[in-house]
Amino acid sequence: MAAADPELTLRGHRTVGVSLPGHGPEEQFHRAYQAPQDLAELATRPSPMAGVTLDDYVEATVDAVRRVSGHGPVILVGGSLGGATITKAADVVPDLIDLLVYDTAFCCTRLRSPNDYLSTPEGKESLAANVVAGIVADPAVIGALRVNWRTNDGEFLRAVKAAFMAEASEGELLAMLNTLLPDESLQVGSADARGHKEAWGRVPRVYIRHTRDRMIPLALQDRMIKDADATTPDNTFKVFSVEASHAPTAETYRQITEILHKLAR
């Protein structure tokens, strides 16, 4: 779901979340997902994410960049898989983007896709597989990956907490899970997300490392930073670190807000 940072708005910055295709809550939320859940319908209901590609994400992002670029400098922030989107958006409109910010996000250069980076030795410690137990539909049937984030299965919730938000309280974890949409594209993780030196490679960039991340392990974050810097040695990452899991708590997110605030001044 598209979201902006209210604290940055309070500090005088204009922020806007980019609405990605298939990610509208009105598209993904339905009564089968409410309690008591209809797991039979969840297993077969077609997904609005079926057929959605990285190119679709990029098109929506580029459209947003073009709309806001006339109103001041553009800082494009991507987290997790969103890194693939901002990289390819910068390939399309490098001259309209003043800064790219990767918040524990995939930045593909030497390897083709996020999935390729997860398959490296640096990615082997990822707990992304902990999500598998929450899948409630055959991806081949619904055309997407559907995870039941609203389950009350204790074993799954413990596994997700370890992967996403290890330092969180139960309330913080559940609040975060309730912001997630159940369906995600099958194609984005394996898409060619490499940035091109002559376009993406010209845009200044920042990486915010999450030192406790178990979805994109710190060693993998560092490899992607190193690969990108080797690709464009004249334009390297400015790097910050926060002691946070993949999904930060409100307390740790304040550190990220402070970084973004200083970058935007």
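This is a predicted model: local features need pLDDT of at least 70, side-chain atom pairs count only at pLDDT 80 or more; totals for chains, interfaces and linings use all residues.

Visitor: Let us begin with helix α5; how many of its residues are buried?

Guide: Helix α5 covers residues 82-92, and nine of its 11 residues are buried, so the helix is mostly covered. The buried ones are Gly83, Ala84, Thr85, Ile86, Thr87, Lys88, Ala89, Ala90 and Asp91. Among the elements that cover them are α4 (54-68), β1 (75-80), β2 (99-105) and α6 (114-118).

Visitor: Which residues of α11 are buried, and what covers them?

Guide: An α-helix has 3.6 residues a turn, so residues three or four places apart point the same way. In α11 the buried residues are Thr252, Ile256, Thr257, Ile259, Leu260, His261 and Leu263. Their cover includes α1 (6-10), β1, β2, β5 (205-210) and β6 (238-242).

Visitor: How should I read a nonpolar core, and which residues have the most contacts inside the largest one?

Guide: In soluble globular proteins, nonpolar side chains tend to be buried together. The largest nonpolar core here has 37 residues, and Leu54, Ile97, Leu100 and Tyr102 have the most contacts inside it. At least two residues of this core come from each of α4, α5, β2 and α10 (218-231). Helix α4 provides the largest share, five residues. Leu54 itself touches Ala84, Thr85, Lys88, Val188, Ala191, Asp192 and Ala193, leaving out residues up to four places away in sequence. There is also a second, separate core of 19 residues, including Val160, Ala163, Met176 and Ala247.

Visitor: At what angle do α8 and α9 cross, and which residues make the contact?

Guide: The axes of α8 (residues 154-164) and α9 (residues 170-177) come within 11 Å and cross at roughly 85 degrees. Because angles of 65 to 115 degrees count as roughly perpendicular, α8 is roughly perpendicular to α9. Leu157, Val160, Lys161 and Phe164 of α8 make the contact with Leu173, Leu174, Met176 and Leu177 of α9.

Visitor: How many disulfides does a search of the whole structure find?

Guide: A disulfide is a covalent bond between the sulfur atoms of two cysteines. A search of the whole structure finds zero disulfides. For Cys107, the nearest cysteine sulfur is that of Cys108, 7.0 Å away. The cut-off for a disulfide is sulfur atoms within 2.5 Å.

Visitor: Are Cys107 and Cys108 buried or exposed?

Guide: Cys107 counts as buried because its relative accessibility is 0%. Cys108 likewise counts as buried, at 1%.

Visitor: Where does Ser245 lie, and what does Ser245 touch?

Guide: Ser245 lies in the loop between β6 and α11. With a relative accessible area of 2%, Ser245 is buried. Apart from residues up to four places away in sequence, Ser245 touches Phe164, Met165, Ala166, Glu167, His210, Arg212 and Asp213.

Visitor: Where is Met49 found, and which residues is Met49 in contact with?

Guide: Met49 is found in the loop between α3 (39-42) and α4, and Met49 is buried with a relative accessible area of 0%. Beyond its neighbours within four places in sequence, the contacts of Met49 include Pro21, His23, Tyr57, Gly143 and Asp183. The C-alpha atoms of Met49 and Ile142 are 93 residues apart along the chain and are separated by 8.8 Å.

Terms used
Residues are numbered from 1 along each chain as its sequence is written. Side-chain values use heavy atoms; hydrogens and water are left out. Buried means under 20% relative accessible area, exposed over 50%, partly exposed in between (1.4 Å probe, protein chains only). Helices (H or I, at least four residues) and strands (E, at least two) are DSSP runs, numbered from the N terminus. Contact means heavy atoms within 4.5 Å. A nonpolar core is a set of buried Ala, Val, Leu, Ile, Met, Phe, Trp, Tyr and Cys residues joined through side-chain atoms within 4.5 Å. Axes are lines fitted to C-alpha atoms, for helices over the stretch in contact, and angles run from 0 to 180 degrees between N-to-C directions. Angles under 35 degrees count as roughly parallel, over 145 as roughly antiparallel, 65 to 115 as roughly perpendicular and the rest as oblique.
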